[in-house]
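Sequence and model come first, then the text.

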Amino acid sequence: MKRAVIAVVLLLLFGAARLPYEIHLQKLQHQAGFNSTSLDLPLRQQLGQMSFVAALSGFRSLVAAILYIDAYDTWQKLEWGRLAGLLQTVTTLQPKSIVYWDMAAWHMAWNASIAALENKAQPSKILREREQRKYWELGKKFYEDGLRNNPDSAELWKNLAVLERDKFEDHAAAAKAFETSSTKPNAYPYVRRFAVYELAKIPGREHEAYDRLKALYAEGRSERSPTLIHLLKQLEEKLGIPADQRIKETNAH
Amino acid sequence: MNRSAPIFSPARIWAMALNTLTELTRLKIFYFLLLFALLTIGSSFFTADLKTDEQFQLLKDVSLGSMSIFTSLIAILATALLLPKDLEDRTTFTILAKPVPRYEYLAGKLLGILLLLALATVVMTVLFLGVLWLRQQSVISLSKANLQGEDLAGEIAAIHAATFNANLAPGIAIIFVKSALLASLTLMISTFATTSIFTMMMSIAVYFIGHLQATAREYWLDSVGVQWWTKPVLAGVALLFPDLQAFSLTDDVVAGIPIHASLFTQTAALGLLYIGVYYLLSCFFFSNREL
């Protein structure tokens with residue numbers, strides 16, 4: 001009994017001695033982006049008891065992987081509501097994983113939205129379109145939440161821009177997102193051009209777009225894509241640029 | 001005890017460690033590795049239909065997650081069996097009757113289990129990297145067949161970035177440190193436990209509580225919305241149990257977060273501190289135990 005008491009006291013002393021170090025290490029790990037996922041009550045409700053315990057026990061990525069495989073199966077069965085819930089859980093468990101955010105947004109904004117529009121069980125076109133828009137919004141939310149957790153992801157910024165361009169047809173938002181993507185590490189070289197393409201489609205910003213397209217054109221052959229030349233020629237006409245200042249290139253489109 | 005025998009003999013410890021490793025190998029502990037192989041190879045085939053990025057993400061999630069589970073299980077189950085088995089076989093009496101101090105006996109046992117864990121980690125790592133490399137090569141050859149020029153170069157660079165990165169090595173090393181900590185903790189429990197089942201149950205309970213230790217510590221120290229009577233309980237959890245969450249870095253490593261050298265060193269140092277202290281406590285408990 002005496003030894004047990006001594007042992008508990010020793011353990012408590014050891015605990016007190018390591019406390020400042022553990023607090024410091026936890027802070028350091030959080031700053032580096034580790035263990036910052038909040039495993040709270042709503043997540044517990046989404047996961048169920050067993051998976052929640054597994055996630056708490058250091059197997060968060062494994063639980064996320066298993067749920068993602070389940071999500072893939074759900075996608076094949078076209079169960080969109082359940083798929084949205086599963087993807088929400090997967091991204092909550094692994095918020096630093098770009099792939100999960102990207103695929104979640106893509107499933108919602110592209111696959112689920114088209115399925116909603118072509119839903120034969122809903123005779124009203126207005127309601128189908130409303131449902132379609134709901135999934136676009138959900139996809140956008142996945143990108144935005146993903147970017148809140150990974151603000152330096154060039155991939156997520158680029159794909160958000162594509163969503164704004166192709167689904168919402170919001171060229172200002174698309175231009176801004178492409179622009180942001182181009183400033184991030186490992187950005188695709190073409191996103192800088194894409195930002196200017198979108199700028200050219202915004203009424204009232206033609207002059208700005210023309211100047212930037214011209215600047216890209218001046219950078220050399222690698223930037224002179226057929227789209228860039230086509231847009232430049234269009235703006236030259238629209239803005240009435242003098243003939244001697246126009247580019248010599250023939251219109252590729 | 002023979003007075004001429006050295007107080008601490010690394011050679012004796014090494015001999016006992018090798019003997020422990022042989023014993024554990026005979027216990028067919030390595031069957032766990034078969035399960036790991038099945039999971040890794042199986043998940044690699046199962047995810048073949050997915051997009052490239054998804055395939056690699058899932059393969060890493062499943063493999064590193066399984067590696068963490070299996071090393072933790074091996075650490076707890078194998079260590080819990082060590083002392084009771086030696087007592088049952090009367091090996092303990094034979095060893096301790098010779099000029100071997102109890103702390104050396106425990107050091108030999110601990111080193112033996114650490115060797116086993118190191119071996120298991122290396123085998124699992126080789127298997128995981130092999131499967132990852134094979135998938136990478138298969139995806140690259142598919143890309144070569146479909147793309148060319150700048151597109152191909154970009155795609156190959158993206159595949160390389162999604163598969164191997166320098167992060168994996170420290171991530172796996174931390175998995176090993178965590179399992180070594182669990183082995184040391186289980187050894188400590190087994191020095192006062194009377195059955196191996198009790199040791200296993202206690203270690204598993206400590207494992208789960210250990211993952212909540214950081215949360216308990218935060219609540220205890222922040223005290224926001226905490227009842228006065230829960231504070232001693234939270235303090236007890238924070239002080240008595242190890243912070244195992246500090247060693248759960250692989251969840252974020254697979255998502256691509258880099259482990260800087262300083263963070264790795266400080267985390268590993270905490271692990272070594274735990275191992276050392278739990279070993280000393282094991283010696284304390286075992287020194288007067290009636291055998």
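Rings of Phe, Tyr and Trp (its six-membered ring) are taken as a pair if their centres lie within 6.5 Å. By that rule, the structure, which is a predicted model, holds 20 aromatic pairs over all chains. A pair of aromatic rings is described by the distance of the centres and the angle of the planes. Two of the pairs are set out below.

| Pair | Centre to centre | Angle between planes | Class |
|---|---|---|---|
| A:Y68 and A:Y100 | 5.0 Å | 40° | tilted |
| B:Y274 and B:Y278 | 5.8 Å | 25° | stacked |

The pair in chain A joins two helices. A:Y68 sits in helix α4 (residues 60–76) of chain A and A:Y100 in helix α6 (residues 98–117) of chain A, so their contact ties together parts that are 32 residues apart in sequence. Both A:Y68 and A:Y100 are buried.

The pair in chain B lies within one helix. B:Y274 and B:Y278 are four residues apart in helix α11 of chain B, which means that about one helical turn separates them. The angle of 25° makes this pair stacked, because planes under 30 degrees apart count as such. B:Y274 is buried, with a relative accessible area of 0%, and B:Y278 is buried as well, at 1%.

Chain A also contains an aromatic cluster, formed by A:F178, A:Y188, A:Y190, A:F194 and A:Y197.

**The interface of chain B and chain A**

In the contact between the chains, 58 residues of chain B meet 42 residues of chain A. The size of an interface is often given as the accessible area lost when the parts come together. Here chain B and chain A bury about 4600 Å² between them, and 66% of this is on carbon and sulfur atoms. On the side of chain B, the residues that lose the most area to chain A are B:L239, B:D251 and B:F284, which together account for 13% of what that side buries.

There are 21 residue pairs in polar contact between chain B and chain A. Three salt bridges are found across the interface. One salt bridge links A:E22 with B:R217, whose closest N and O atoms are 3.1 Å apart.

Which elements of chain B give two or more residues to the side that touches chain A? They are α3 (52–88), α8 (196–222), α9 (230–240), α10 (250–253) and α11 (261–287). The largest share, 14 residues, comes from α11(B). By residue type, the side of chain B that touches chain A divides into 34 nonpolar, 13 polar and eleven charged residues.

Conventions: Residues are numbered from 1 along each chain as its sequence is written. Chains are lettered from A and ligands numbered from 1 in the order in which they are written. This is a predicted model: local features need pLDDT of at least 70, side-chain atom pairs count only at pLDDT 80 or more; totals for chains, interfaces and linings use all residues. Side-chain values use heavy atoms; hydrogens and water are left out. Contact means heavy atoms within 4.5 Å. Buried area is the accessible area (1.4 Å probe) that two parts lose on being put together, summed over both. A salt bridge is a side-chain nitrogen of Lys or Arg within 4 Å of a carboxyl oxygen of Asp or Glu. A polar contact is a pair of N or O atoms within 3.5 Å; within protein, one must be able to donate a hydrogen and the other to accept it, and residues adjacent in sequence count only if both atoms are side-chain atoms. Ala, Val, Leu, Ile, Met, Phe, Trp, Tyr, Cys and Pro count as nonpolar, Asp, Glu, Lys and Arg as charged, and the others, Gly among them, as polar. Rings of Phe, Tyr and Trp (its six-membered ring) pair if their centres lie within 6.5 Å; planes under 30 degrees apart count as stacked, over 60 as edge-to-face and the rest as tilted. Buried means under 20% relative accessible area, exposed over 50%, partly exposed in between (1.4 Å probe, protein chains only).
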